[in-house]
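Let's walk through this structure together, one part at a time.

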Amino acid sequence: MSPDFTLFLITGVLFGVAVVVFIAWRFSVADALAFVLVTGLFPAVMDFLSSFTVQNYVYPGQSRLWVFSYIFFGWMGVCGTCMLIAEGILARPGEDMLTQRALWWQVPLATGVIAVLLDLFLDPIAVLVGYWLWLVEGSVYYGIPLLNFVGWFVLTSLAPLAWILIARRQRWGYARKTAAAFVALIPLCVASALLSLVLNAAVATLGFQ
């Protein structure tokens, strides 16, 4: 079975768009715009760097535009879905992640855990089929390096955290929420790099890869 990268991209785009439309319908268009930036652009930039700059893995034969597009839409879909599942598990009846006080940090943490559990199933299948190839060898889980799961946890925890903090500002309009999301990109990138370094160092200390 050979990978169909065109269908793969189309599926990722439709998935991401569907989640954004749902966010806009359930919350607001302003919240959806902020969602696109912090759960789409932020993870796309960091994952893009992992693919082309650090070169931890590659999508065989795909252009940089293809990779960025797939990651951008795919992360919105995955992150948004896992975030909504986390909210469904944690929110009390009649409340949600924007109104229940402690969910500003509980939902992002749970989102990261759920996303990693999801990737434990997805990644071995995607590698087997040939959608991506790891250039860093793992020693614990089907040859997939643990830095992959660290990356999933970090990105899918920080992105919802930023979005919830912005979306809770109910009096903010399009301009303020969009500006806040743009400004948040820098601390998000810095925080994700530092947190990834710490967690990967901890994993390495334990002798795993």
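The model is predicted: local features need pLDDT of at least 70 and side-chain atom pairs count only at pLDDT 80 or more, while totals for chains, interfaces and linings use all residues. Residues are numbered from 1 along each chain as its sequence is written, and side-chain values use heavy atoms, with hydrogens and water left out.

How much space lies in the largest pocket? About 1000 Å³. A pocket is an open set of points on a 1 Å grid over the protein atoms alone, where a 1.4 Å probe fits, with protein on both sides within 12 Å along at least five of seven lines; lining residues have an atom within 4 Å of a point. The volume is the space filled by probe spheres set on the points, which are joined across faces, edges and corners. Of the 43 lining residues, Asp47, Tyr57, Trp75, Asn148 and Trp152 are the closest to the pocket's centre. Two or more lining residues come from each of α1 (5–26), α2 (29–52), α3 (64–90), α4 (103–129), α5 and α6. Such helices are DSSP runs (H or I, at least four residues), numbered from the N terminus.

Now look at how some helices pack. The axes of α5 (residues 146–167) and α6 (residues 174–205) come within 9 Å and cross at roughly 150°. Axes are lines fitted to C-alpha atoms, for helices over the stretch in contact, and angles run from 0 to 180 degrees between N-to-C directions. α5 and α6 are therefore roughly antiparallel to each other, a label for angles over 145 degrees. Their contact (heavy atoms within 4.5 Å) includes Phe153 of α5 and Leu188 of α6. By class, this contact has 17 nonpolar, three polar and one charged residues.

Elsewhere, α1 and α3 pack at about 45°, with axes 8 Å apart. The contact of α1 with α3 has 17 nonpolar, seven polar and two charged residues.

Key. Angles under 35 degrees count as roughly parallel, over 145 as roughly antiparallel, 65 to 115 as roughly perpendicular and the rest as oblique. Ala, Val, Leu, Ile, Met, Phe, Trp, Tyr, Cys and Pro count as nonpolar, Asp, Glu, Lys and Arg as charged, and the others, Gly among them, as polar.
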